[in-house]
Amino acid sequence: WISESNRERASALGYTVVDSTTVIATHLTELIKSYSFDLLTREEVVNLLENLKESNPKIVEEVVPDVLKYADIQKVLQNLLREHVSIRNLASILETLADYGRRIQDPSLLTEYVRSSLARNISRQYQDEDGKLTCITLDPGLEELVSGSLQHTENGSFLSMSPSLMKDIMDAMGPHLENLVQNGHTAILLTSPQIRPHIKRIVDGIQPGIVVISYNEVVADVLVESV
């Protein structure tokens, strides 16, 4: 913090000067982003869809209530917000839910299909200034191990893996993710779409906020650099 009288001098020395009101507003905005999935109530989902109906009535009528209920759509939107994926393109989200909602009822799996449809937005969100997506990837053997540990039930899939093995995976990932951050990059892990949500749950044990995206969420014109 500096006094107002030192603003011009600080700017001349190359500092970015931000007033206190902007600082508080920025912090509040980040807090809202972090907890937006909690703030998205059923009523808010209804309001969002009613607003969308004004410009895209057919897509809303196609999905609600014959394909999915408001509660199902709320879960998908909350899943997206939980990982900081924008739901601004609601029409595209509804189109994907219309395509897959009749044969898939698992909100987690539906979320993965929606994420793939939002690939361009997700790729753009995590590109470096030079347009690259810098990340770490999993060894193919580890991908296969995690995939083989998946148990599929009528209520969805879950990871059947010993706590000690999960800890080993977290211990191995930690230094590489930390190295990314120390070199000025976002901590991003790139993995196959089948295991992405399960890997996300594992890395949340290292530190919340680590980004996990799948190969399906990277568009063809984005250069991926795995370090």
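Student: In which sense do strands β2 and β3 pair, and over how many bridges?

Tutor: Strands pair if DSSP finds at least two bridges between them. In this predicted model, β2 (residues 150-153) and β3 (residues 156-159) pair in the antiparallel sense over 4 bridges. The two strands form a hairpin with 2 residues between them, and L150 has L159 in β3 as its bridge partner. Strands (E, at least two residues) and helices (H or I, at least four) are DSSP runs numbered from the N terminus.

Student: Is R115 buried or exposed?

Tutor: Buried means under 20% relative accessible area, exposed over 50%, and partly exposed in between (1.4 Å probe, protein chains only). R115, found in helix α8, counts as buried because its relative accessibility is 2%. Contact means heavy atoms within 4.5 Å; leaving aside neighbours within four places in sequence, R115 is in contact with L80, E83, V85, I122, R196, V212, I213 and E217.

Student: What classes of residue form the lining of the largest pocket?

Tutor: Rolling a probe the size of a water molecule over the atoms shows where empty space is left. The lining of the largest pocket has 7 nonpolar, 5 polar and 8 charged residues. Here Ala, Val, Leu, Ile, Met, Phe, Trp, Tyr, Cys and Pro count as nonpolar, Asp, Glu, Lys and Arg as charged, and the others, Gly among them, as polar.

Tutor: Residues are numbered from 1 along each chain as its sequence is written. Local features need pLDDT of at least 70, side-chain atom pairs count only at pLDDT 80 or more, totals for chains, interfaces and linings use all residues, and side-chain values use heavy atoms, with hydrogens and water left out.
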